[in-house]
Amino acid sequence: MKVLNYIDGRWMPSVSEQFVPIINPANGQSIGEVTVSNEQDVEQAVSAAKRAQKAWALVPAPKRAEVLYKVGMLLQERKEQMARLLTMEMGKVIEEARGEVQEGIDMAFYMAGEGRRLFGDTTPSELPNKFAMSVRAPIGVVGLITPWNFPIAIATWKSFPAIVAGNAVVWKPALETPIMAQQLAQIFEQAGLPNGVFNVVHGRGSVVGEALVEHRDVKVISFTGSNGVGRRIAETCGRHLKKVSLEMGGKNAVIVMDDADIDLAVEAIIWSAFGTSGQRCTACSRIIVHERVKQQLEERLLAAMNILTVGNGLEEGVKVGPVINQGALQKIHHYVQIGKNEGATLLAGGYVLQDEQYKGGFYYAPTLFTNVTPTMTIAREEIFGPVTSIISVRSLEEAIEVNNSVDYGLSSAIFTRDIHRAFTAMRDFDTGIVYVNAGTTGAEIHLPFGGTKGTGNGHRDSGVAALDVFTEWKSIYVDYSGKLQRAQIDV
Ligand SMILES: NC(=O)c1ccc[n+]([C@@H]2O[C@H](COP(=O)([O-])OP(=O)(O)OC[C@H]3O[C@@H](n4cnc5c(N)ncnc54)[C@H](O)[C@@H]3O)[C@@H](O)[C@H]2O)c1
Ligand SMILES: O=C[C@H](O)CS(=O)(=O)O
């Protein structure tokens, strides 16, 4: 499989003529190659997008929405095929891959609905026979930069609201997962989106990403990825006074109180900590447990981890797939060493899986630490792998304090049967997403998605909130009194 750029409705290799292999993390084998672009390709894509956007903005929003509706139908048709390709290029298990493609389908239909709403406000004017309203206006060319862990869902969270609102898109996907980008571009093409409204440029962040962020005709950058890269992008956007939406990492916690349904909590933790091999921004990487139920929780977690099957995500019954690449394996193992050196107790895992069945792939054993303190490195930094840590507390107040003590603020969860405790947590957890009696993962596309502190800069993906990123408010006054009326003049 050869993955090319999609610019102005045409499939083309980069002018650099360079390609790199696309690696299946389950076995280390190449499943194709992808073009590696440079600044010239970005220039071409942005020019095409700029030309196309003017006409696209004039298409009535309900008609723009019809294209998205078709995109939803086509995604539905291709769901199984795309899910299998997703597992092959990214590694997540097939049931999760199906769930991710479904997120894209849901987003297409949801945003198609927004095309018939795109609500503004009409308000009474201060003056007689005058009409006042505000409307959402498209911004122009928007640049999307996305990570490899949700290569289709996150692209739909960003591109669908951008397009329905009348913008044109230039998307730089992660170089590890170009196949999903190719699939989405093919679907837009098949759905009849005018040439140039959606463009894909593959390449490295330091070249293609930076060129997109620096480009004067790109008016908005919507980024999802790591904190370090996000901060750098924000600095550049600050220099250019460019609007930027940043969705970055997490250090998410499940809080288990002493009145919790422990079995339910265990089931949720296993899914949130080890699903997608812990490579979710919302992954549960801290378990903050009341000391009275700590031992019970540890025992049941270990029992549940014992029956977790790790392997190729395409195989039936596999629950935990590989991590993305060799670099990720090394980074995860480095954090495990730090955990041990800082005095945490390793209860399970803590090693790279190397048996014959894992040959060539990048597999890490699901790992559980206990006796972790809130100041340890593994309790503070995002590991992005199948590693989670138990921290013991004596009260809800202490649990809230520990939960909020990290630099990130994406998702947190509480398990309790006490409504007072549940509502206190909902109010006091300093995260953009809060779950009660459910794990930290599993966001639904019609609610805003994002976080506080080091997780973001106040914007949100998903839900109607996503439209705020890709539109500008325009205030309009219509005076039909037939005479000059002046506001702000006292008479
Ligand atoms: N909050 C969220 O919604 C969310 C969702 C998924 C993943 N994430 C985060 O993403 C991270 C994992 O993804 P990753 O490893 O792909 O992240 P990353 O920051 O390394 O890369 C993300 C994207 O940015 C590009 N990039 C890299 N350097 C760049 C630069 N200098 N300028 C412009 N673009 C550049 C990459 O090529 C890639 O497309 C984790 O931290 C995870 O928590 C956040
Ligand atoms: O990052 C994308 C995921 O869909 C978020 S969640 O883990 O499902 O909440």
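Colleague: How many residues sit between β6 and β7 in their hairpin?
Modeller: There are five residues between β6 and β7, and asparagine 129 in that turn has a positive phi of about 50 degrees. This is a predicted model, in which local features need pLDDT of at least 70 and side-chain atom pairs 80 or more, while totals for chains, interfaces and linings use all residues. Residues are numbered from 1 along each chain as written, chains are lettered from A and ligands numbered from 1 in written order, and side-chain values use heavy atoms, without hydrogens and water.

Colleague: In which sense do those strands pair?
Modeller: β6 (residues 121-124) and β7 (residues 130-138) pair in the antiparallel sense over four bridges, where pairing needs at least two DSSP bridges and strands are DSSP E runs of at least two residues, numbered from the N terminus. Threonine 122 has methionine 133 of β7 as its bridge partner.

Colleague: And which strand do nine bridges join to β7?
Modeller: That is β22 (residues 471-479), which runs antiparallel to β7, and there valine 135 is partnered by lysine 474.

Colleague: New topic: where is lysine 251?
Modeller: Lysine 251 lies in the loop between β12 (243-247) and β13 (252-256). Lysine 251 is buried, meaning under 20% relative accessible area with a 1.4 Å probe, protein chains only.

Colleague: How far away is the nearest side chain of opposite charge?
Modeller: Glutamate 381 is 8.2 Å away, and lysine 251 has no salt bridge, which would need a side-chain nitrogen of Lys or Arg within 4 Å of a carboxyl oxygen of Asp or Glu. Lys and Arg count as positive, Asp and Glu as negative, with His and chain ends not counted.

Terms used:
Buried means under 20% relative accessible area, exposed over 50%, partly exposed in between (1.4 Å probe, protein chains only).
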